[in-house]
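These are my notebook entries on a structure that I looked up. I record the pairs of charges, the pocket, the surface and the backbone in turn.

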Amino acid sequence: QVQLVESGGGLVQPGGSLRLSCAASGSSFRVYTMGWNRQAPGKQRELVARITSGGSTNYADSVKGRFTISRDDAKNTVYLQMNSLKPEDTAVYYCNARRGDVVLIGPTYWGQGTQVTVSS
């Protein structure tokens with residue numbers, strides 16, 4: 001069982017930056033692939049970025065070059081650094097975790113979400 005708690009959301013102007021954090025409780029954080037998804041009003045939840053237990057990363061095309069995902073296994077925390085934010089980045093951002101690296105197994109755990117609003 002993994003519990004995830006996101007923080008760091010808020011209101012920011014276009015072109016600004018935010019860093020989201022997701023703290024995980026439970027055991028064996030380092031064996032989990034961690035991800036950030038987002039859901040805007042009226043839209044489906046979509047993958048933003050993912051980092052595997054081995055450290056490989058992938059990003060949605062819409063955020064490449066602007067967002068960076070990283071993890072600190074000693075702190076059981078995954079981060080999402082968001083730069084050059086755009087109004088279309090406005091959404092609730094959810095942290096998630098699933099055990100494995102190339103092959104993912106078991107359930108996906110989700111946090112409660114944190115709101116990011118990009119507006120002038």
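I call a residue buried under 20% relative accessible area, exposed over 50%, and partly exposed in between, with a 1.4 Å probe and protein chains only. The model is predicted, so that local features need pLDDT of at least 70 and side-chain atom pairs count only at pLDDT 80 or more, while totals for chains, interfaces and linings use all residues. Residues are numbered from 1 along each chain as its sequence is written, and side-chain values use heavy atoms, with hydrogens and water left out.

**Entry 1: salt bridges**

I took a salt bridge as a side-chain nitrogen of Lys or Arg within 4 Å of a carboxyl oxygen of Asp or Glu. Side chains of opposite charge can pair when their charged atoms come close. My search of the whole structure returned five salt bridges.

I looked up D61 and found its salt bridge with K64, where the closest N and O atoms are 3.1 Å apart. Both D61 and K64 are exposed.

I then turned to R38, which is buried at 6% relative accessibility. E46 is partly exposed, its relative accessible area being 36%. A salt bridge also joins R38 to D89, with 3.0 Å between the closest N and O atoms. D89 lies in the loop between strand 8 (77-82) and strand 9, and R38 in strand 4 (residues 32-39), so this pair ties together parts that are 51 residues apart in sequence. D89 is buried, with a relative accessible area of 1%. I noted finally that R38, E46, R66 and D89 are linked in a network of salt bridges.

**Entry 2: the largest pocket**

I defined a pocket on a 1 Å grid over the protein atoms alone, as an open set of points where a 1.4 Å probe fits, with protein on both sides within 12 Å along at least five of seven lines; lining residues have an atom within 4 Å of a point. The volume of the largest pocket is about 160 Å³, a volume being the space filled by probe spheres set on the points. Its lining has 13 residues, and R38, A40, K43, E46 and E88 lie nearest the centre. How does the lining divide into nonpolar, polar and charged residues? I recorded two nonpolar, four polar and seven charged.

**Entry 3: the surface**

V102, V103 and I105 make a nonpolar surface patch of about 330 Å². Such a patch consists of residues with over 30% relative accessible area and no salt bridge, nonpolar side chains being joined within 5 Å. I placed V103 in the loop between strand 9 (91-100) and strand 10 (104-110). V103 is exposed, at a relative accessible area of 59%.

I also looked up S27, in the loop between strand 3 (18-25) and strand 4. S27 is exposed, its relative accessible area being 55%. From S27 to L85 I noted 34 Å in space, C-alpha to C-alpha, and 58 residues in sequence.

**Entry 4: the backbone**

Most residues other than glycine have a negative phi. N76, which is not a glycine, has a positive phi near 55°. I located N76 in the loop between strand 7 (67-72) and strand 8. S84, also not a glycine, has a positive phi of about 50°. S84 belongs to the loop between strand 8 and strand 9, and at 42% relative accessibility S84 is partly exposed.

Methods:
Nonpolar A, V, L, I, M, F, W, Y, C, P; charged D, E, K, R; others polar. Patch = residues over 30% accessible without salt bridge, like charges linked within 9 Å, V, L, I, M, F, W, Y side chains within 5 Å. Areas by Shrake-Rupley, 256 points an atom, 1.4 Å probe, with all protein chains shown as cover. Helix = DSSP H or I, 4+ residues; strand = E, 2+ residues; numbered from the N terminus.
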